[in-house]
Amino acid sequence: MVVTQLNLRFRFQNRKLRGVSCELLRYPHGVLPETFLTMTGQVVLPILLSTLGMMTAGLVMNTVQHWPVFLEVKDLLTLVPPLVGLKGNLEMTLASRLSTAANTGQIDDPQEKHRLISSNLALVQVQATVVGLLAAVAALLLGAVSREELDLAPMELLCASSVVTAFLAALALGLLMVCIVIGARKLGVNPDNIATPIAASLGDLITLSILALVSSFFYRHKDSQYLMPLVCVGFVALTPLWVLIAKQSPPILQVLKFGWYPIILAMAISSVGGLILSKTISKQQYKGMAIFTPVICGVGGNLVAIQTSRISTYLHIRSAPGVLPPWMKKFWPNPCSTFCTSEVNSMSARVLLFLVVPGHLIFFYIIYLVEGQSVTDSKSFVVLYLLAGLIQVTILLYLAEVMVRLTWHQALDPDNHCIPYLTGLGDLLGTGLLALCFLVDWLLRSKAELADLSELASGPP
């Protein structure tokens with residue numbers, strides 16, 4: 001589809017028309033160029049909404065961590081990051097694929113649109129079922145490694161809860177992504193800018209809520225001998241049906257055959273973040289981990305998913321798989337070229353990096369107002385938290401540039417192969433850096449308290 005832009009300029013003198021100039025611009029791929037302000041305007045609202053969703057998810061997590069099922073089955077906490085991270089492995093990847101299809105005109109034909117949507121949704125259900133099972137097994141094994149003993153008692157509950165949560169969350173968010181991308185296309189908004197943040201805006205909250213409700217249901221019926229095994233078998237039995245539907249589209253068939261490595265490895269990376277969370281969440285010096293973990297992980301994953309989706313669309317429009325444009329030949333570009341040039345991808349990286357500190361400050365303040373004493377008001381923690389957010393997003397944006405180039409050079413689609421890795425790394429970096437912030441702040445406050453005590457002890461009687 002060709003987009004034509006007509007710019008008219010009228011010159012008036014003494015209220016009389018004295019001249020007219022006309023400029024006609026044609027864009028063969030149906031994509032209009034974006035300015036700094038245009039992109040910022042399209043990105044800010046979805047990012048704010050997405051972080052509100054993540055903040056709400058953090059508040060929910062702060063509540064459900066005290067539910068009986070989470071207190072008794074500790075490995076459920078290890079499940080949280082990989083299951084919440086499925087929005088990066090599945091829904092954000094789906095949003096990126098659909099955004100690229102929209103920007104390249106593939107969904108303009110009604111028949112092609114129906115086939116593309118149905119095959120993509122079926123693919124997501126296959127991936128959700130398989131990764132849900134693997135996430136439960138990974139949580140069980142990581143728990144065994146940390147405790148140095150293997151407890152098979154909660155295995156049925158973990159598997160059933162994980163599979164049902166992954167399936168239902170993937171279905172709800174997949175349908176939402178389809179509506180968002182099609183709606184954005186009709187409204188003339190670039191879906192690359194809004195689809196992935198909206199996927200994240202409800203992804204954490206929906207996934208965490210479903211996990212809490214489903215696991216509590218199975219916990220109440222844990223004496224039912226066949227319930228949980230039958231649920232697992234039933235969802236796995238549906239997999240061949242989703243495979244048949246997904247095979248309608250040759251590109252989706254390729255993802256179905258060869259796209260497992262990124263999402264499984266990303267799930268494993270997120271599971272390590274889950275292990276960090278489960279080991280710190282109940283300790284006093286890490287008070288607030290449950291609230292801030294979804295926010296810092298979600299913001300990093302959100303921003304890097306937008307950048308990855310934009311660079312992928314950029315390459316789909318301007319080049320062919322396996323062939324990088326001349327100005328992108330370096331696999332490891334200078335970091336300055338990633339953030340400081342006039343090139344469109346560098347401009348978008350600056351916009352996204354610019355949003356980190358204001359966004360985190362806004363949501364830190366909201367969380368403090370809502371939770372009060374559950375959140376530290378230490379100035380040193382605020383500074384450390386903002387610094388951690390900047391470090392996380394800077395690393396992720398640079399890695400996005402590197403990974404997309406390497407993936408494209410290998411004739412692979414970055415929409416399918418990069419976002420899972422980057423969101424998984426975002427979860428791990430976010431959880432690790434957040435735990436480090438709490439630890440350093442606790443050490444600084446302890447040192448200050450000791451200094452005050454020593455001053456009192458050495459003072460005059």
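**Ground rules.** I number residues from 1 along each chain as its sequence is written, and side-chain values use heavy atoms, with hydrogens and water left out. As the model is predicted, local features need pLDDT of at least 70 and side-chain atom pairs count only at pLDDT 80 or more, while totals for chains, interfaces and linings use all residues.

**Entry 1, helix α15.** I took helices as DSSP runs (H or I, at least four residues), numbered from the N terminus. Helix α15 covers residues 356-371, 16 residues in total. From first C-alpha to last, α15 reaches 22 Å, close to the expected 22 Å (1.5 Å times one less than the number of residues). I then looked up burial: buried is under 20% relative accessible area, exposed over 50%, with a 1.4 Å probe and protein chains only. In α15 the buried residues are Val356, Gly359, His360, Phe363, Phe364 and Ile367. They cover an arc of only 125 degrees around the axis, so they sit on the same side of α15. I read the arc from the directions from the helix axis to the C-beta atoms. Tyr365 and Leu369 are exposed on the face turned away from the buried side.

I checked residues 239-246 next and found Thr239, Trp242 and Ala246 buried. Their arc is 65 degrees, so they line one face of α9. Pro240 and Leu244 are exposed on the other side.

I compared α12 with helix α14 (residues 344-354): the axes come within 10 Å and cross at roughly 170 degrees. That makes the pair roughly antiparallel (over 145 degrees). Axes are lines fitted to C-alpha atoms over the stretch in contact, with angles from 0 to 180 degrees between N-to-C directions. Contact means heavy atoms within 4.5 Å. From α12 come Leu303, Ile306, Gln307, Arg310, Ile311 and Tyr314; from α14 come Val344, Asn345, Ser348, Ala349 and Leu352.

Gln307 is buried, at 0% relative accessible area. Beyond four places in sequence, Gln307 touches Asn345, Ser348, Ala349, Leu352, Leu397 and Glu401.

I placed Leu79 in helix α3 (residues 75-84). Leu79 is buried, at 0% relative accessibility. Neighbours within four places aside, Leu79 contacts Ala135, Ala136, Ala139, Leu158 and Ser162. I also noted Leu211: 132 residues from Leu79 along the chain, with 9.2 Å between the C-alpha atoms.

Technical notes. Helices (H or I, at least four residues) and strands (E, at least two) are DSSP runs, numbered from the N terminus. Angles under 35 degrees count as roughly parallel, over 145 as roughly antiparallel, 65 to 115 as roughly perpendicular and the rest as oblique.
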